[in-house]
Amino acid sequence: MKLNIVNKTTALSKKDLQILVNKICKHFVAYPVRNAALLKQKKELTIVFLSSSEIKKINNQFRKKNKATDILSFAGMDEESLGELLLCTDVLKMQALSQKHSLKNEITYMLIHGLLHLLGYDHERSVKEEKIMFKLQDRCFADLGLV
């Protein structure tokens with residue numbers, strides 16, 4: 001899957017992000033997740049890194065939550081695109097610090113999270129859905145050797 005990266009972070013190079021997304025997608029196909037076929041059908045994914053103020057505006061506009069968040073996921077608007085993942089570097093840095101791991105690991109965890117959203121999972125839908133999604137997220141993170 002081709003990546004389009006906007007406002008690249010210094011934590012990961014474009015090549016590293018591409019390798020990481022490929023590994024996550026491969027994992028989701030091998031360990032079947034909902035709508036995994038999309039990962040073979042879609043040809044591109046856009047990843048955008050934003051500041052706290054930028055993501056706060058978008059979060060308020062689309063989710064009516066007036067705060068900065070770590071990641072937002074938007075489905076693709078054309079048949080080639082899986083979608084867009086908007087990540088907030090400022091929030092991710094704080095989360096990495098509080099979790100006592102690297103920014104790279106936090107970005108990885110949130111990419112897994114965002115891709116699961118693009119595949120149809122939504123932890124805000126129900127407690128059951130939250131458990132399913134977070135279990136898949138944690139398993140992928142562990143299988144990538146990043147625990």
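The lining of the largest pocket comprises eight nonpolar, six polar and six charged residues (nonpolar being Ala, Val, Leu, Ile, Met, Phe, Trp, Tyr, Cys and Pro, charged being Asp, Glu, Lys and Arg, and polar the others, Gly among them). The model is predicted, and local features need pLDDT of at least 70, side-chain atom pairs pLDDT 80 or more, while totals for chains, interfaces and linings use all residues. Residues are numbered from 1 along each chain as its sequence is written, and side-chain values use heavy atoms, without hydrogens and water.

The largest pocket holds about 420 Å³ of space. A pocket is an open set of points on a 1 Å grid over the protein atoms alone, where a 1.4 Å probe fits, with protein on both sides within 12 Å along at least five of seven lines; lining residues have an atom within 4 Å of a point. Of the 20 lining residues, Arg63, Ile71, His117, His123 and Glu124 are the closest to the pocket centre. Two or more lining residues come from each of α3 (52-63), β3 (71-75), α5 (103-118) and α6 (127-143).

The axes of α5 and α6 come within 10 Å and cross at roughly 135°. Residues in contact (heavy atoms within 4.5 Å) include His113 and His117 of α5 and Asp138 and Phe141 of α6. Eight residues of this contact are nonpolar, five polar and one charged.

Helix α1 (residues 14-30) and α5 have axes that come within 11 Å and cross at roughly 50°, which makes α1 oblique to α5. Leu17, Leu20, Val21, Ile24 and Phe28 of α1 meet Ile107, Thr108, Leu111, Ile112, Leu115 and Leu116 of α5. The contact of α1 with α5 has ten nonpolar residues, one polar and no charged.

Definitions and conventions:
Points joined across faces, edges and corners; volume = space filled by probe spheres on them. Helix = DSSP H or I, 4+ residues; strand = E, 2+ residues; numbered from the N terminus. Axes fitted to C-alpha atoms, helices over the stretch in contact; angles between N-to-C directions. Parallel < 35°, antiparallel > 145°, perpendicular 65-115°, else oblique.
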